[in-house]
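Subject: Handing over a two-chain model

Dear colleague,

Please keep it open while you read.

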Amino acid sequence: MIQIEQLSKTYQTKHGTVKGVDDVTLEVKTGEIFGIVGYSGAGKSSLIRCINLLERPTSGIVKVGGQDLTKLRGDGLRKARLKIGMIFQHFYLISQKTVAENISFALRAAGTPSKNIGPRVDELLEMVGLSDKRNVYPAQLSGGQKQRVGIARALANEPAVLLCDEATSALDPNTTLSILRLLKDINRKLNITIVLITHEMNVVKEICDRMAVMQGGRVIEDGRVYDIFADPKTALTKEFISSVVSFNVPEEILEKCDGTIVKVLFKGEVAGDGIISDMLQSYPVKGNFLHGAIEYIQELPLGIFVMELKGGQADVSQAIHYLEQREAIVEVMEHGN
Amino acid sequence: MGIEWGRIIELWPEIQVAFYQTLIMIGISLGVALVIGLPLGILLFITDRGLFWENRPVNSVIGFVVNIVRSIPFIILLVALIPLTQLITGTTIGPVAASVSLSVAAIPFFARIVETALRDIDKGVIEAAIAVGATPWMIIKDVLLPEAKASLIQGITLTVISLIAYSAMAGVVGGGGIGDLAIRFGYYRYDNTIMIVTVVILIVLVQLIQQAGDFTAKKLDKR
């Protein structure tokens with residue numbers, strides 16, 4: 001649905017040129033929710049704004065639905081934008097217009113006949129659960145409600161793509177969750193492709209199918225969210241993951257352990273297969289759990305355990321080998337004495 | 001400097017005429033300022049850097065002309081525009097004639113006020129409208145003007161009050177008006193009564209306009 005090819009965006013500042021986005025190539029498939037994670041200044045905001053050409057890329061190509069947007073200008077670009085919805089961190093509703101007027105603004109932009117506007121606004125308000133707020137001004141709404149209006153406005157012209165620019169970053173955790181559920185719901189019902197950028201890893205964990213991690217304007221890692229959670233390659237990705245799935249065992253505890261400390265990771269169905277107990281029965285090794293949980297990412301279980309293995313060196317390494325054979329990922333954090 | 005009540009009654013017809021002349025001058029020049037200054041202010045804003053009609057040459061030219069007119073002292077503008085006034089109104093005397101210079105002064109004044117009011121709008125709201133696929137005209141009509149409504153009304157208030165002050169100078173070219181009355185009788189003839197009466201009328205007028213402006217701006221603002 002979206003192809004980004006060798007996209008770069010440079011900015012001229014007093015201190016010379018700054019690369020906002022540096023040679024990014026990405027593909028977002030139809031119907032998926034794609035998350036772009038990074039700290040502020042990583043270039044994710046520039047990148048998402050290049051997708052609907054709110055910012056014109058310095059070089060590279062952006063294709064949405066097969067159409068190269070960088071070739072468009074003026075009215076052609078305006079028409080293409082009708083099919084790309086966008087929501088923002090600070091909502092950006094017209095404060096002097098009611099909820100219904102804000103939504104009908106988008107419909108009028110597409111030249112919707114006026115007799116169809118009223119019913120369509122009602123339909124959209126129903127979808128985002130704000131039917132009772134039709135004639136209220138944005139100032140009277142909560143943050144979550146404002147974002148729902150933003151979503152209704154973005155979806156007004158039945159876009160193929162929805163861009164979310166830090167859409168939940170100004171909301172409290174509960175509201176964030178309800179907005180994420182709404183986005184997921186919309187994604188499933190309308191088969192709309194969603195690209196979201198965020199600095200909150202839990203957002204990605206909650207709803208994204210695939211993700212990319214950005215740093216210094218570049219994409220440093222991308223793939224299925226589950227795979228990246230299971231096996232992050234870069235230090236930054238690990239850092240992001242540890243913000244939602246943390247398995248740090250306190251130092252004092254580690255010091256008291258004299259066995260081999262291992263971190264064992266089970267992917268998918270194997271997570272519940274009792275592999276650990278099989279191992280403990282098959283080898284003369286004692287196991288001691290220090291930390292552990294099964295996380296569900298995209299409804300797939302991901303088991304992560306930190307344990308201390310005690311026994312003869314050869315037995316311990318055989319036990320580890322056994323775990324690896326059963327498709328667990330084992331990382332030895334500290335060797336025993 | 002006592003007030004002679006008899007003098008007020010004596011000159012009351014003249015005061016009424018002057019008041020009426022002031023209203024004509026302000027009415028005409030405000031009307032012109034709105035009709036020409038508002039689009040000019042919008043143009044100044046939307047042709048600026050990073051906005052949806054970015055056009056440096058147009059922006060610079062308009063900005064330059066606006067600055068020139070604004071830097072000329074009004075009293076000089078009043079005299080300098082006598083030929084133009086003659087051309088447009090066929091006369092150089094009276095409130096309608098004085099309205100030409102007042103309008104010329106009010107247009108750039110109001111245009112800058114409009115531009116400043118539009119600048120205060122959150123850029124994100126404009127961007128959201130662009131992202132939705134709105135036409136430039138829709139953005140002006142449904143985003144810029146409504147969002148700046150309250151500050152535009154405050155700006156109109158400011159313009160009217162400045163015009164009242166400017167119109168006092170219109171007497172120089174025989175424009176008439178309350179301010180002219182104050183100068184002719186109060187200043188040149190040391191007629192304290194008329195001086196005080198006219199000043200009181202001006203104070204009341206300015207107060208009323210300011211309050212009406214504040215009230216309307218507040219009433220219309222939905223934030």
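Helices and strands are DSSP runs, where a helix is H or I over at least four residues and a strand is E over at least two, and both are numbered from the N terminus. This is a predicted model, in which local features need pLDDT of at least 70 and side-chain atom pairs count only at pLDDT 80 or more, while totals for chains, interfaces and linings use all residues. Residues are numbered from 1 along each chain as its sequence is written, and chains are lettered from A, with ligands numbered from 1, in the order in which they are written.

I begin with chain B, which has nine helices and zero strands, so that definition gives the pattern α-α-α-α-α-α-α-α-α along its sequence. Its C-alpha atoms fill a box of roughly 70 × 40 × 25 Å along the principal axes. Of the 223 residues of chain B, 38% count as buried, meaning that 20 or more other C-beta atoms, placed from the backbone, lie within 10 Å of the residue's own.

Chain A, by comparison, holds twelve helices and 14 strands, and its C-alpha trace spans about 80 × 50 × 35 Å along the principal axes. In chain A, 41% of the 337 residues are buried. Two residues are in contact if their C-beta atoms, placed from the backbone, lie within 7 Å. Among the contacts of chain A with a separation of 6 or more, 69% are between residues 24 or more positions apart; for chain B, 71% of the contacts between residues at least 6 apart in sequence join residues at least 24 apart.

Where the chains meet, 22 residues of chain A are in contact with 19 residues of chain B. On the chain A side, α2 (74-81), β6 (84-88) and α3 (99-109) each supply at least two residues, and the largest share, four residues, comes from α3(A). That side divides into twelve nonpolar, four polar and six charged residues, where Ala, Val, Leu, Ile, Met, Phe, Trp, Tyr, Cys and Pro count as nonpolar, Asp, Glu, Lys and Arg as charged, and the others, Gly among them, as polar.

Within chain B, the axes of helix α1 (residues 5-46) and helix α2 (residues 56-71) come within 9 Å and cross at roughly 135 degrees; axes are lines fitted to C-alpha atoms, for helices over the stretch in contact, and angles run from 0 to 180 degrees between N-to-C directions. That angle makes α1(B) oblique to α2(B), because angles under 35 degrees count as roughly parallel, over 145 as roughly antiparallel, 65 to 115 as roughly perpendicular and the rest as oblique. Leu40(B), Leu43(B) and Leu44(B) of α1(B) meet Asn59(B), Ile62(B) and Gly63(B) of α2(B), a contact made up of four nonpolar, two polar and no charged residues.

Chain A also contains an open sheet of four strands, in the order β12-β13-β11-β14 with antiparallel pairing, two strands being paired if DSSP finds at least two bridges between them. Its edge strands are β12 (286-297) and β14 (328-334) of chain A, each pairing on one side only, and the twist averages 15 degrees from one strand to the next. β12(A) and β13(A) (residues 300-310) pair in the antiparallel sense over eleven bridges, and the bridge partner of Gly292(A) in β13(A) is Phe305(A). Helix α12 (residues 313-325) of chain A lies across β11 (260-267), β13 and β14 of that chain, running at about 150 degrees to β14(A).

With kind regards

Methods. Buried ≥ 20, exposed ≤ 12 C-beta atoms within 10 Å, placed from the backbone.
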